[in-house]
Amino acid sequence: MLRRRGFATTPGELLTPFPPDLDGPAADRLAEKLSHYAFRLFLRGALQCGPTFDATEATRYLAGHKAREQAETLVELGLAVHEGGSRYRLLHPVPSFGGTLEWYVARELRTRLGFDVAVNHKFRAPGVGGDLDVVAAAEGKLVQIELKSSPPKHLSMEEVRAFFDRVQALRPDVALFVVDTALRLGDRVVPMLTQALQDRRRDAPPPRRIERELWSFGPHLYVVNAKPDLVANVARSIAEGLRALAPSIV
């Protein structure tokens, strides 16, 4: 579907703290752990501190025995080793959590919803840079997903505008802007997307809250966070988009 739209994308290196071709029961166990927001927060913090990190200092959201439990989970999954006390060492350190988030969301779209999925493809559209984090195809529809693993306070207007540039060039049927946070999107993220969209077209639809922190900008664009469940929110937004694009029969 990317080639049909005239784009010769190439897959980039997926940087994860585990072999990116991980499969079978080991992948199932890791995906189950990644479904928990607290585990994702801890792993993100460990990657930022690593390769050697103190479990109690990996993230300010978890402390004491809770942090040690998450660190021991990394050991059980084969992602880290215990070096004594509260010190641990990652076996496959990478600079950020972004690749892990892409791997997880793509895997869940494939296993839960039966999508054909491509991850971390270099987008070479003229005048448009960056990567396509996750693109997924099913029912003859193309879904583009932009994933942000950092808190909303780190989101820049340049990133938002670059996302819209890629959407405009690719023309997916449904596009999602996904922020892996439990914080509200209405305070910062939604206003930034609203402003960037209105800068592009004055007739841009205003944001509409579907529920909680699931927002719609018309039938093609959705913005979601991770509360209460990241993949469930992604799936709900895709469902909204596909239904909105289908003709009414009554």
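How many bridges join strand 10 to strand 11, and do they run parallel or antiparallel? I found three bridges between strand 10 (residues 214-216) and strand 11, in the antiparallel sense.

Notes on the model. I am working from a predicted model, where local features need pLDDT of at least 70, side-chain atom pairs count only at pLDDT 80 or more, and totals for chains, interfaces and linings use all residues. Residues are numbered from 1 along each chain as its sequence is written, and side-chain values use heavy atoms, with hydrogens and water left out.

Entry on strand 11. I take helices (H or I, at least four residues) and strands (E, at least two) as DSSP runs numbered from the N terminus, and count two strands as paired if DSSP finds at least two bridges between them. Opposite Val223 in strand 11 I find Trp215. In the hairpin of strands 10 and 11, with four residues between the strands, Gly218 has a positive phi near 85°. Strand 8 (residues 174-179) pairs with strand 11 in the parallel sense over four bridges, and Val178 stands opposite Val224. I checked both faces of strand 11 (residues 221-224): Leu221 and Val223 on one side, Tyr222 and Val224 on the other, are all buried (under 20% relative accessible area; exposed is over 50%, partly exposed in between; 1.4 Å probe, protein chains only).

Entry on Lys148. I looked for salt bridges (a side-chain nitrogen of Lys or Arg within 4 Å of a carboxyl oxygen of Asp or Glu). Lys148 forms one with Glu159 at 3.3 Å. Glu159 lies in helix 5 (residues 157-170) and Lys148 in strand 7 (residues 141-148), so the pair ties together parts eleven residues apart in sequence.
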